[in-house]
Amino acid sequence: MAAVAPTLRKPLLHAEKQQDDVESPTETSTHTHEEKIHSNKITITKFLQSYGIYVLIATVLSLALMFWNKNPEGLALHTWHIFLIFVSTIFCIVLDPMPIAGIAVVSLCISVVSKTLDIKTALSGFSLPVVWLVVFAFFIARGFVVTGLGKRMCYVVLYTLGSSSLGLAYGVCLAEVVLSPAIPSNTARGVGVLMPVLQPLIVDAFGCSPEKGNSRKIGAFLMQVAYHANCIASGMYLTGSAAVAMTPKLAEAVGVNISWLGFFIANCVPCMLLLALMPLVLYFVYPPEVKATPEARELASKKLSEMGPLSRNEWIMLGTFLTCVALWVLGDLYKFMDATTTALVGVTLLLLLGVLDVKKDILTEKAAWDVLVWFAALVMLAEQLGHGGMFKWFADIVKESVSAYTTQTACALLVGLFYYSHYLFASGTAHCAALYGAFLSVALAANGPPQAMSYIFGTMCAFSGGITHYGTGTGPAYFAAGYVPLSVWWGLGFVVSVLQLGVYASVGMAWWKAIGLI
């Protein structure tokens, strides 16, 4: 895992230099020689990356020719077509032949041109609140950068916890644990609260950024810790994320009651253990280059002195930030404002008060617009699969498959299948809504303990979002920061998934027996 696969994002037609560049004869001959050597070492991966658009189209067309009219029994042909396009899109995202936004645009085009979806449905993902929450959070994060408040906050964190990279990782975990019960949107919590502090800390305090080519210095490690801490903390409380918050109603439909306190008691021990182990596992599997920073406190103190007192724009940024946090908590608690509207209010305040400039800060925030395109497309395709009955059909097949197993084996298989089915979803809420009730029903039919199964499926709704970069609203923002290559991101997601399932299968089960849950 320590070796990072190269991630090349080159267009089909490109040039290393412009035609009007002037080179000396020596440089020209050297470049020609190097190009000849390089051309003899073309790999299949580089070929796919160079001709990515053809791979994408060929993949979809091949699937269309081979399987387009071969839908499985019990599944509508229209839903089968959407599934083929969705799988092809994910396949091309894994190959990484071109930027993900480009893949998403091509997939949308094929969906419409093939008459699988009409244009209104294909573009419906761009109207989803969760997509715009991520975009607005990027703009709020920009405010921390332009005002310098992010730099100031990062030095405060560095002064307090910066003696080691592992200490910083545990600081992120602690922040998630404290914020999770009060902010029921894992996206608002991770992208709107923690990332604006974490990003400038990595860039300004440690001089680490993808542009400098030193992502492994500390940024890649901290981004992964932050993402998985977000998912784990979301699974500790019923109010940890929107997906988990759905589970009481879904469980009630099959005769199981879930309480906030019961859910917390069941999950507090295994989740806290995971938050203790996860940074250590990533520390050894994907270690940062910077491990000890004994001079951190002195450096932070010096920088804070140089910055002086808070400026006007910093006070405005701080006030806007605290207002957003308060509205994220109170707005959901008293049902008068959703998380996306709160983020929109924050961006509006920063614009009206002159902290952000439309031309300099909003229109140039490329990562936000990139996320808007590809995340909206993936969520839309996943939703259409749910509307078409794809996941109900899948649940029926699972029920038949596990009927021959013992209760313990059947429940273990169901948890595993439920967890890894999140590969098909670009939304934790969609994953939970589509499969939670079906899988819980299958588990109860296999004589699984009702309360325990309702809790573990709810927790896995949150955990499983970490296996991909699109599985939950927080993922696209952390991934778009550019510190971790796609292949490594998915690989580390799988490693953490094994840790999560292993802890629940051992310590989790022992804890549940101790409290009389099983």
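Cys208 counts as buried, since its relative accessibility is 0% (buried is under 20% relative accessible area, exposed over 50% and partly exposed in between, using a 1.4 Å probe on protein chains only). A word on ground rules: this is a predicted model, so local features need pLDDT of at least 70 and side-chain atom pairs count only at pLDDT 80 or more, while totals for chains, interfaces and linings use all residues. Residues are numbered from 1 along each chain as its sequence is written, and side-chain values use heavy atoms, with hydrogens and water left out.

On to the other cysteines. Cys268 is also on the buried side, at 17% relative accessibility. The closest cysteine sulfur to that of Cys268 belongs to Cys271 and sits 8.3 Å away, which is too far for a bond. A search of the whole structure turns up zero disulfides, a disulfide being a pair of cysteine sulfur atoms within 2.5 Å.

As for the overall build, the protein has 24 helices and zero strands; these are DSSP runs numbered from the N terminus, with helices being H or I of at least four residues and strands E of at least two. Of the 518 residues, 50% are buried. Among contacts with a separation of 6 or more, 79% are between residues 24 or more positions apart, where contact means heavy atoms within 4.5 Å.

The largest nonpolar core holds 155 residues, and Leu198, Met278, Trp374, Phe457 and Tyr478 touch the most other members. Such a core is a set of buried Ala, Val, Leu, Ile, Met, Phe, Trp, Tyr and Cys residues joined through side-chain atoms within 4.5 Å. Helix α18 (residues 366-387) gives the most to this core, namely 13 residues. Leaving out residues up to four places away in sequence, Leu198 touches Val172, Leu222, Met223, Ala226 and Tyr478.

Several loops are worth a look. His422 lies between α20 (407-420) and α21 (428-445) and is buried at 0% relative accessibility. Its side chain makes a polar contact with that of His431 at 3.2 Å; a polar contact is a pair of N or O atoms within 3.5 Å where, within protein, one must be able to donate a hydrogen and the other to accept it, and residues adjacent in sequence count only if both atoms are side-chain atoms. Neighbours within four places aside, His422 is in contact with residues including Gly428, Cys461 and Gly465.

Thr472 sits in the loop between α22 (450-463) and α23 (474-480), buried at 9% relative accessibility. The side chains of Thr472 and Asn186 make a polar contact at 2.6 Å. Not counting residues up to four places away in sequence, Thr472 touches Asn186, Tyr227, Cys231, Phe375, Gly428 and Gly465.

Ser311, in the loop between α14 (296-307) and α15 (312-333), is partly exposed at 29%. Ser311 and Thr147 are 164 residues apart in sequence, yet their C-alpha atoms are 8.2 Å apart in space.

Last comes helix α24 (residues 486-514), whose 29 residues reach 40 Å from first C-alpha to last, close to the 42 Å expected at 1.5 Å a residue (the expected span is 1.5 Å times one less than the number of residues). A kink of about 35° is centred on Gly508 in α24, the bend being the angle between axes fitted to the seven residues ending at a residue and the seven starting there. Just after α24, Gly516 takes a positive phi of about 80°.
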